[in-house]
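Hi everyone, thanks for making time.

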Amino acid sequence: MRARNQRGMVTPSPVVMLSVIAVAMAGIAYVATRGGEPTEREVTTVSRDATPGATPSHQPGPGKQTKQTKEPKPEPTVQRGKVYVEVYNNSGITGLAGRVAERATGIGWQVVGSDNWYGTIPASTVYYPPKLKLAAKTLALDLGVRRTAPAVDPMRLDRLTLILTGPLG
């Protein structure tokens with residue numbers, strides 16, 4: 001009897017090949033997308049009575065008069081009814097965007113739409129174009145949103161975009 005030739009090549013199954021390709025693609029995507037931290041800002045409340053960097057004023061001595069050189073500058077106000085707001089739901093809670101939109105309208109904001117948002121947002125956020133930064137902070141304070149950030153594509157640059165990831169406090 002003759003010895004059989006044991007030469008040949010064994011190919012892995014298609015499932016193993018697809019798994020190897022998937023792991024390689026995930027590694028490439030991880031390396032390609034890592035980088036700097038996203039631009040995030042936390043909204044904090046500031047008391048109007050305390051001004052940062054203020055120093056105590058000295059009382060004038062007898063017979064001396066002081067002259068006030070600077071009048072306090074009035075803070076710019078946000079006219080809520082003139083600012084467009086879009087509200088999006090990025091949570092699994094049905095109707096959340098509609099309820100928050102009604103709440104914002106009740107406060108005086110001009111809500112022009114509400115819908116679902118598809119994508120990944122780390123926390124409920126008010127996105128703003130540069131000219132509406134103060135309005136974004138005001139909306140965030142009105143609704144209890146802790147995060148604001150500059151608007152990104154595909155957001156419109158003539159309005160605030162509120163994306164909700166869960167119920168607001």
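By buried I mean under 20% relative accessible area; exposed is over 50%, and partly exposed is in between, using a 1.4 Å probe and protein chains only. Before I go on, two bits of housekeeping. This is a predicted model, where local features need pLDDT of at least 70 and side-chain atom pairs count only at pLDDT 80 or more, while totals for chains, interfaces and linings use all residues. Residues are numbered from 1 along each chain as its sequence is written, and side-chain values use heavy atoms, with hydrogens and water left out.

So which residue forms a salt bridge with Arg-159 at 3.0 Å? That's Glu-86, with 3.0 Å between the closest N and O atoms. A salt bridge here is a side-chain nitrogen of Lys or Arg within 4 Å of a carboxyl oxygen of Asp or Glu. This pair ties together distant parts of the chain, 73 residues apart: Arg-159 is in the loop between strand E5 (147–150) and E6, and Glu-86 is in strand E2. Helices (H or I, at least four residues) and strands (E, at least two) are DSSP runs, numbered from the N terminus. Glu-86 is buried, too.

Arg-159 also has a salt bridge to Asp-158, with the closest N and O atoms 2.9 Å apart. Asp-158 then forms one with Arg-156, at 3.7 Å. Asp-158 is partly exposed, because its relative accessible area is 31%, and Arg-156 is partly exposed as well, at 43%. Put together, Glu-86, Arg-156, Asp-158 and Arg-159 make up a network of salt bridges. The whole structure holds 4 salt bridges.

Now over to strand E6, residues 160–164, where we find Thr-161. Is Thr-161 buried or exposed? Buried, since its relative accessible area is 1%. Contact means heavy atoms within 4.5 Å, and leaving aside neighbours within four places in sequence, Thr-161 has contacts that include Glu-86, Tyr-88, Tyr-127 and Met-155.

Last stop, the nonpolar cores: sets of buried Ala, Val, Leu, Ile, Met, Phe, Trp, Tyr and Cys residues joined through side-chain atoms within 4.5 Å. The largest has 23 residues, and among those with the most contacts inside it are Val-87, Leu-160 and Leu-162. Strand E2 (84–89), helix H2 (96–107) and E6 are among the elements giving it two or more residues. There's also a second, separate core of 8 residues, including Tyr-88, Tyr-127 and Met-155.
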